[in-house]
Structures are given as structure tokens and as C-alpha cells.
Amino acid sequence: MMRQQLDQLASRHGLAYVTTQARRGVWGGLAALAILQLLGGWQLHASGQIGLMPIAVRLLPLVLFLPPIITRRPRGHVMLAFVSLLYILQGLMIAQLPGRLAWGTLETLAALVLFVSAAAYARWRRQQLTG
């Protein structure tokens, strides 16, 4: 289902355009997710609930994917899409905590944007490279 919709979108707007838009989505989703991880972790650190190490652990996967994103490698974007699923789950768990519904929803949405954009970019970029 999603594959057909992605193919229709590419045929309607052109492969170069949709690839560029997906790349923007990857950068936007990655930036939003990283900012949310930093702010949420800093908030917990300031209240004395956690140290700095959990913040670094939550940011590390996002930082590790910067080289494949910068070099535009489709395989790296596919793996990033899979990793973003962990952040979706984390956001859903945070949303269930008392008083954290908005924060968890924001994290889930940012991770969802990253997932869809990274998967779409990987597909369209691979088509550009092979076609």
C-alpha cells in the first residue's frame, strides 16, 4: 500500500523533487527528535532524576546516523528508519506518563516523520542511483 502511494507520488511530481522533499523531511525529523531528546533529558537532569549519561545514550543513535545522511546513502536511511521505530515506542511510553502526554506526542510525531521520510528517501534515492 505505501509502496504504491510512494510510486504514485514520484510519478506525479518527479523523482528529483520527491527525493529532495524526503531529504528535507529526514533532516527536519532528525533535528526535531534530537532537540526533544536534549530538552527532555535536560529537564529530567535539572530536576535531579537522571544524570547526563542517559541523555547521551538517547542521542547517540541519532548522531551515529549523520554520516550516511550527509553522504546520502540509501542503506543508511533504511537503518535510520528502523531505529526511528524505537523512538516512536519511547514517545508512546512517555505519553502515558502523568502530565507528559504532549511531550510524548511530540516525540512520537517527530519520530514518525523521520521514519516515513527516511524510508521514502531510501526508496527514491535507490531508484535515482539505479535508474
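The mean pLDDT of the protein (the predictor's confidence in each residue, from 0 to 100) is 92, and 100% of its residues reach 70 or more. The model is predicted, with local features requiring pLDDT of at least 70 and side-chain atom pairs pLDDT 80 or more, while totals for chains, interfaces and linings use all residues. Residues are numbered from 1 along each chain as its sequence is written, and side-chain values use heavy atoms, without hydrogens and water. Confidence is lowest in helix H1 (residues 2-13), at a mean of 86, and highest in helix H5 (residues 74-95), at 97; helices are DSSP runs of H or I of at least four residues, numbered from the N terminus.

Helix H1 is followed by Gly14, which has a positive phi near 100°. H1 packs against helix H6 (residues 101-130) at an angle of about 60°, the axes lying 11 Å apart. Axes are lines fitted to C-alpha atoms over the stretch in contact, and angles run from 0 to 180 degrees between N-to-C directions. In H1, Met2, Arg3, Leu6, Asp7, Leu9 and Ala10 meet Val116, Ala120, Arg123, Trp124 and Gln127 of H6, contact meaning heavy atoms within 4.5 Å. The residues of this contact comprise 7 nonpolar, 1 polar and 3 charged; Ala, Val, Leu, Ile, Met, Phe, Trp, Tyr, Cys and Pro count as nonpolar, Asp, Glu, Lys and Arg as charged, and the others, Gly among them, as polar.

Helix H3 (residues 53-64) packs with H5 at an angle of about 150°, with 10 Å between their axes. Arg58, Pro61 and Leu62 of H3 meet Val83, Tyr87, Gln90 and Ile94 of H5. This contact has 5 nonpolar, 1 polar and 1 charged residues.

How values were computed
Helices (H or I, at least four residues) and strands (E, at least two) are DSSP runs, numbered from the N terminus.
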